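Dear colleague,

Please find below the structure I am handing over to you, with its sequence. My notes on what was found in it follow.

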Amino acid sequence: MQAARTAYPLKWRIMDALEGVAAAIWPARFRRATPYLMLLPAVLLVGLLVLGLIQIADASLRTLDTTTFQFSDDYSIANFRRALTEPLFLVVARRSLIAALIVTAVTLIFAFPYAYLMVRTASPGLRKFLLIALFLPFFIGQVVRAYGWLIILGNQGMVNEALGLVGVAPMRLIYNYPAVLFGLVQYMLPFAVLMLAPALTAIPEELEAAAGSLGANWVRTFIHVVLPLARPGFIGAGVVVLTLSLTDFAVPAILGGGSQDFVAIAIYDQFFRTSDQGLGATLALMLVALGSILVGIVFALFGAGTLAMGRSRA
Amino acid sequence: MQEPFRTVASHEAEGGREIAVAVRNVGMDFDGIHAVKNASFDLPKGRFLTILGPSGSGKTTLLRMIAGFQTPSSGEIFINGEAVSAVPPHKRSIGMVFQRLALFPHMTAAENVAFPLKMRRRDARTIPDRVERYLALVRLGGYGGRRIHELSGGQQQRVAIARALVFEPDLLLLDEPLAALDRKLREEMQLEFRRIQRELGVTTINVTHDQREALVVSDDIVVMDQGEIQQKARPIHAYRQPRNAFVANFIGVTNFIAGTVRSISEEGDVSILRGDLVLAGKIGDPVNPPAEGGKASGAIRAEQIRLAGDAAQLSKLDCVLAGTVTDTIFEGERMVYEVACAAIGDEVIRVFDHDPATHTQFEIGESVFLGWNARDMLVFR
């Protein structure tokens, strides 16, 4: 009896029993359905989003009667016409789009050396420091950080005081477009670094050594070897930064001080200030379309990068 | 720094050839650990040198210093008479085949081979021709348009060789590029390396832990252990006249019998005493010979020992021991016997029997006799 117990331990018996129960609930012939079962939560979640989108689409086709504050029963494209013709919305859309493009370019330029150093440094201490510095901003919310910049860059802020010491008159550093761009770049940097780092890790260091021994100095090694091989990382990071900046709310709201509204703020205003859910829904749909078109263009031009999970690597 | 080398260059090396690489008292420390200690050797132009050693022997560090990826902590390396420690890799004329090949995955085979020519700003009109010529040299003519991942392991090896040679470097370095290949392909590529090296006459330094590869491909072997060069010799000399016990043990299969030195003659004959047993042999290392009365060990190759069921068959041999077969290992081309000998405290002696068909087969547990000639036993301190 003792011998049998050691030969077949209790843990195995429990596992056998559990497997038996599992087989009773989900017989082997259902096995082919198992992957779909695992997909179910995600499908439900996306399904809810689609339902929401349908509702938004429905709302976008109804106009608000400003006298009765009732929505029309019949559909019209009046909201879309307003969104495309009223100069305010065009200004906001152009401002968001240009900001997203500038922020993406600047962020990628700043994120690359950071990610490269983090991946390639021989010092584990430095790598740890860079990683911690990267994750620290995530612990402070976006709103708190934006307020932090208000304090630092404000008229009586640290920067202006420091400038005062060297005899420079106080400058308006906040509530303008550059301040919003600055805040967005600062906010996006960790995302970009996180997307770039795996792509750089995937480039064997030996390739750079090889390029050197084949006669390439570091500039040419960078241009001909590192940059092309890091492309999937740039695409992944670029798409993430582009979509996040295009749709950002808090940074333009706080650092823009009401003068630098982005599309997300315009949508908020329609929903919660003018209560025109129809127009708000229209703007939301157009933002989704704009983002999708941009991502589509990037994918069409450059492939899906790291977001393709290595499938498109030709 | 130039001065000491001129004296080296002025006296020409064996065969009257110019020296391509001179390593002078080179040392490398990593955080107080001596990865390479005081290494020196000369490599004449056009020769194929293999640095052979176990992992951690410092062989790769030495190669990386020659390539320029690491700077020696002490000493100097000269390539074609010029001190190169301050010269970055991309300014040295060195072609290197890396351990994991380091081919550029985003380029085709031809683009990989063209890379060093473009980086060295060679005339763009001549590049395609030259690339095709070198692809043909490595027997990959017509494969230029293939992507790296579309090529087999052996073909990738060939692209890496072509890329390292296409700009006609002064020196070719091979950093164990064959280690990951299966045996058949590895042996094929060893011969391929030798063929190409001879065809182009390029001075080559190869690093490996594979003693067979070192023997097969090289003109010279430098054996390294614990950061130190143990011996530099032609393959046949490294094998037949190992300078110390490490080299004797690392190359080939060698049995060691420890004892104390009883007598040494002027001619280099040594006899060592193990219990009641007297073993005659030759001094292995004349520079560092064993001392009379001191400890020493006799080294005898597994293939130099004869095996017989009865002692009379071995009467012509100088030393005969009785033993019992403890294991038989069939390796295809040969049978390996492990024999425990009572006279040396049941230590196991390994014996090769290269022709099992005409020889008697012995079974585990069988009593046998071992014999060898005194001239085949090398005695090291």
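I begin with a turn in chain B: S16(B) and S17(B) form a hairpin in which 4 residues separate the two strands, and Gly332(B), within the turn, has a positive phi of about 90 degrees. Please bear in mind throughout that this is a predicted model.

The sheet around this hairpin

Strand S16 (residues 319–330) and strand S17 (residues 335–341) of chain B are paired in the antiparallel sense over 7 bridges. Phe330(B) has Met335(B) in S17(B) as its bridge partner. S17(B) is in turn joined to S18(B), again antiparallel, by 7 bridges. Here Cys341(B) has its bridge partner, Glu347(B), in S18(B). S17(B) and S18(B) also form a hairpin, with 5 residues between the strands, and Gly345(B) in that hairpin takes a positive phi near 70 degrees.

These strands belong to an open sheet of 5 strands in chain B, ordered S15-S19-S16-S17-S18 with antiparallel pairing. Strand S15 (306–308) and strand S18 (347–353) of chain B each have a single partner strand, so one side of each is left without a neighbour in the sheet. From one strand to the next, the twist averages 45 degrees. At the S15(B) end, 3 bridges join S15(B) to strand S19 (residues 367–372) of chain B, and the two run antiparallel. Within S19(B), Gly371(B) stands opposite Arg306(B).

A second sheet in chain B

An open sheet of 4 strands in chain B has the order S2-S1-S4-S5, also with antiparallel pairing. Its edge strands are strand S2 (33–44) and strand S5 (82–83) of chain B, each of which pairs on one side only. S1(B) and S2(B) pair in the antiparallel sense over 8 bridges. They form a hairpin with 2 residues between them, where Asp31(B) in the turn has a positive phi of about 45 degrees. Strand S1 (residues 19–30) of chain B also pairs with strand S4 (residues 74–79) of chain B, in the antiparallel sense and over 5 bridges.

In S2(B) the bridge partner of Ala22(B) is Asp42(B), and in S4(B) the partner is Phe78(B).

Chain B as a whole

Chain B contains 9 helices and 20 strands. Its C-alpha trace spans about 75 × 50 × 40 Å along the principal axes. Of the 381 residues of chain B, 41% count as buried. Among contacts in chain B between residues at least 6 apart in sequence, 64% join residues at least 24 apart.

The domain assignment divides chain B into domain 1 (2–245) and domain 2 (253–380). The C-alpha centres of these two domains of chain B lie 38 Å apart. Their contact takes 4 residues from domain 1 of chain B and 7 residues from domain 2 of chain B. On the domain 1 side, the residues divide by class into 2 nonpolar, 1 polar and 1 charged.

For chain A, the domain assignment gives domain 1 (2–59) and domain 2 (82–308). The C-alpha centres of these domains of chain A lie 39 Å apart.

In total, 15 residues of chain A are in contact with 17 residues of chain B. By class, the chain A side of this contact has 9 nonpolar, 4 polar and 2 charged residues.

Confidence

The model scores ipTM 0.76 and pTM 0.78. Chain B averages a pLDDT of 88, and 94% of the residues score at least 70. Over residues 1–14 of chain B, however, the pLDDT is below 50; this stretch has 18 contacts in the model beyond near neighbours in sequence. Where pLDDT is low, the predicted coordinates should not be read in detail.

With kind regards

Technical notes: Residues numbered from 1 in each chain as written. Chains lettered and ligands numbered in written order. Predicted model: local features only at pLDDT ≥ 70, side-chain atom pairs only at ≥ 80, totals over all residues. Pairing = 2+ DSSP bridges. Domains from an automatic or database assignment. Contact = placed C-beta atoms within 7 Å. Nonpolar A, V, L, I, M, F, W, Y, C, P; charged D, E, K, R; others polar. pLDDT = per-residue confidence, 0-100. Buried ≥ 20, exposed ≤ 12 C-beta atoms within 10 Å, placed from the backbone. Axes fitted to C-alpha atoms, helices over the stretch in contact; angles between N-to-C directions.
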